[in-house]
Amino acid sequence: MKVLIKLFGYLFGIGAVLGLLVAAGVWIYLQDMSQDLPDYTALKNYEPPVMTRVHAADGQLMAEYAKERRLFLPIQAIPEMLKQAYLSAEDKNFYSHLGIDPEGIARAALAYARNYGSGRRPQGASTITQQVAKNFLLTNEVSVERKVKEAILSLRIEQAYTKEEILELYLNEIYLGLGAYGVAAASLLYFDKSVHELTLEEAAYLAALPKGPNNYHPFREREAAIVRRNWVIDRMVENGYVDSVAGEEAKAKPLDVTPRTRGSQLFASEYFSEEVRRKIGSLYGEKRLYEGGLSVRSTLDPKLQVKARKALMDGLIAFDQRRGGWRGPISRIEPGAGDWGAELAKVEGMSDVPEWRPAVVLSVSDETAEVGLQPERLVGGALSTERERVSLALSSMKWARVSGRAPSRVDDVLKVGDVVYVEAVDGPAGLVHELRQFPSVSGALVAMDPYTGRVLAMVGGFSFAQSEFNRATQAYRQPGSSFKPFLYAAALDNGYTPSSVILDAPVEIAQGPGLPVWRPQNYGGKFYGPSTLRLGIELSRNVMTVRLAQDMGMPLVAEYAKRFGIYDEMTPVLSMSLGAGETTVMRMVTAYAMIANGGRKVTPTLIDRIQDRYGKTVYRHEERVCETCAADHWAGQGEPELIDNREQVLDPMTAYQITSMMEGVVQRGTATSVQAVGRPVAGKTGTTNDEKDAWFVGFTPDLTVGVFVGYDTPKPMGRGATGGQVAAPIFTEFVRTALEDTTPVEFRVPKGLQLIPINRRTGLRASAGTPGTILEAFKPGTAPPDEYSIIGFQDDIGIPRTVSPEAGQAVMSGTGGLY
């Protein structure tokens, strides 16, 4: 017995020593593993990459920009049901363990021993805390060393952070497929809902994804996804979070996933969104744009944007159909070889012009063509099995000229196998389909609030999917005569009046050594004799404008052009007086806005406000000061007063004078079609040499709009393609629809201006009611002349010739024999 006791004592001693040695070894090993562990306290200051979101002025989401599509939600904002789903699926003992789950580890070790040598991936036993340690601080390496480090970090994290903080990190960091990181982004991307709108089955599906989003893909692995979702629901029932009846009802429901689109989220806003993206990048850099979680409130008015897009598209299509002719199909397929729908689906349409669908010509006759429409894609990306056929009538494609001639038969235009665009439109007998083609000409439209510079709508071309080049901000084109109002404004600001008279007669200007003599011409080649400044701008007289610029001096004109932001530095040569420099639609609209608002400088903006991820405003466009706006209650004080500290770039009286003269452009001049707007409008047409550029820029008292039309590579658009014929109708359609629900108002007359009846042709006083009489605005100290000097018509010693009223009447009504 003693021997047996000694033996047991001996063995116990050896075991104890071995145990101590093993413990020491484990301690040394753990110490070694702990040497290079990441600093877990950094989690306190962790800022995950969060996507930047851009909203329209009314709050609608326009676009999202991110490398990792994530929205960070504090744990208090995450619904209990969603938290319970993840706890049931991933770590039911989360609130009771110390960071690791011994039961789970034992289960995983047993599975590892059973599967050793099979090549199968070891079964995980990670708690949520361990997953936080791995995702934030370690790699995805499959090794014992990494698991040990993970366990050590988990124990330390549990000591440093509350359970709620750990769960918050986890639910915002995990990757859940479809490019979504965190539960907030996943809820939007899978179901187009916020987390608060999720149903039980939807929350359970999101909780099923951490184990492997690709393994439970909602379309490719649909059955497995439903099985896994139902397993999560069962665990929620088992854990007491959901009653069995609700669980069974949720399991019986289908998996309805509606993936959210990327990029632009608001119809017709692609050019606007991209311009906002570039602006944010220039302000804060690419990293903060894609990872900083900025919240951007843009100036976009979604209703006006849709109307602007339609007006520009209608105008470009109308011009192309008048001038362009048929340029052929976009592609060809062989409809007889197999399923024409599958082949047609390979043709990529324009995503931002959903009204136009690619279609393949299946048969043709003299009067009609039968076409098959491109099948739609189902939610999961699969091609619909439905094959829709429609007819195109010859009568709807008379515009499709071939070799300059209108088609007499359908097969003059279409052949079997041609892939073309068609659009469904309302006809007298219901919905009909018509042939379409993308116009070769392009253009831009910008609409702005003239008092703040807020861009309310912007269209940079016919289709963003076809061309991302923004003709509103990136295309530098000659403004032509649309520049003239600023030259005339400079004159009115410097001693001239609207009734000043300039000689419209041939003039020769030496351009310098080795250069030919410049002989400016009016559009149409005629000359009209002495005319008032008003008449010169209303009828866009080039020669008068050159003589006026010559009389004032081009350095003054260049200074005004820079003051209004049209050009950064304008070469002070006379040809620039006719808009020969290059500028953008955005710059021109901004310059016109300064006239519209009474001469105050405005800075164009597409962004009202930017907030960082914590809600702090880091950018605000509005710079005007309101010192009494912050009052938290009313105590009998007066209304808050907004102090406008912006630069006055033009005398308000001058601004009204030039506005009145540009009203005449619409009432009697080169843009009479704009009268269809049905309210006071001031504006100016612009047409460059050989009709390469067509402009109309104008404004009502509360809206400034600019339209440009031209080929991307400048070339003649054809005789008659003027600003009044091409750009003005687009302006008219947009402004008429944009303001259809508002009350027309007159332009505001500044105090001190005198409105005096004059003859609009001679500029002399006239009796009210006399034919040709208008009310002209004169500044204090000025008045219509009793006799006038003709600028550009001088005697032998260089003094402007003075003409009596009677002689002036003869000059204006005669043959122009003075020159």
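Q: Which residue just after helix 7 takes a positive phi?
A: This is a predicted model. Just after helix 7, the backbone adopts a positive phi of about 55°. The residue concerned is aspartate 192.

Q: How many of the residues of helix 7 are buried?
A: Buried means under 20% relative accessible area. Helix 7 spans residues 183-191 and is largely enclosed by the rest of the structure, because the buried count is 9 of the 9.

Q: In what order do the 5 strands of the open sheet lie?
A: The pairing in this sheet is mixed. Strand 2 (61-65) and strand 17 (617-620) are the edge strands, each pairing on one side only. From one strand to the next the twist averages 15°. The order is 2-1-5-16-17.

Q: At what angle to strand 2 does helix 11 run?
A: Helix 11 (residues 270-291) lies across strand 1, strand 2, strand 5, strand 16 (607-611) and strand 17. Its angle to strand 2 is about 35°.

Q: How many residues of the lining of the second largest pocket are polar?
A: The second largest pocket holds about 880 Å³ of space. Of its 35 lining residues, the closest to its centre are Ser481, Tyr523, Asn542, Thr687 and Asn689. Strand 18 (682-687) and helix 20 (723-738) each supply at least two residues of the lining. The lining has 8 nonpolar and 6 charged residues, and the number of polar ones is 21.

Key:
Residues numbered from 1 in each chain as written. Predicted model: local features only at pLDDT ≥ 70, side-chain atom pairs only at ≥ 80, totals over all residues. Heavy atoms only, no water. Buried < 20%, exposed > 50% of the residue type's maximum accessible area, 1.4 Å probe, protein only. Helix = DSSP H or I, 4+ residues; strand = E, 2+ residues; numbered from the N terminus. Pairing = 2+ DSSP bridges. Axes fitted to C-alpha atoms, helices over the stretch in contact; angles between N-to-C directions. Contact = heavy atoms within 4.5 Å. 1 Å grid on protein atoms, 1.4 Å probe; cavity = no way out; pocket = protein on both sides within 12 Å on 5 of 7 lines; lining within 4 Å. Points joined across faces, edges and corners; volume = space filled by probe spheres on them. Nonpolar A, V, L, I, M, F, W, Y, C, P; charged D, E, K, R; others polar.
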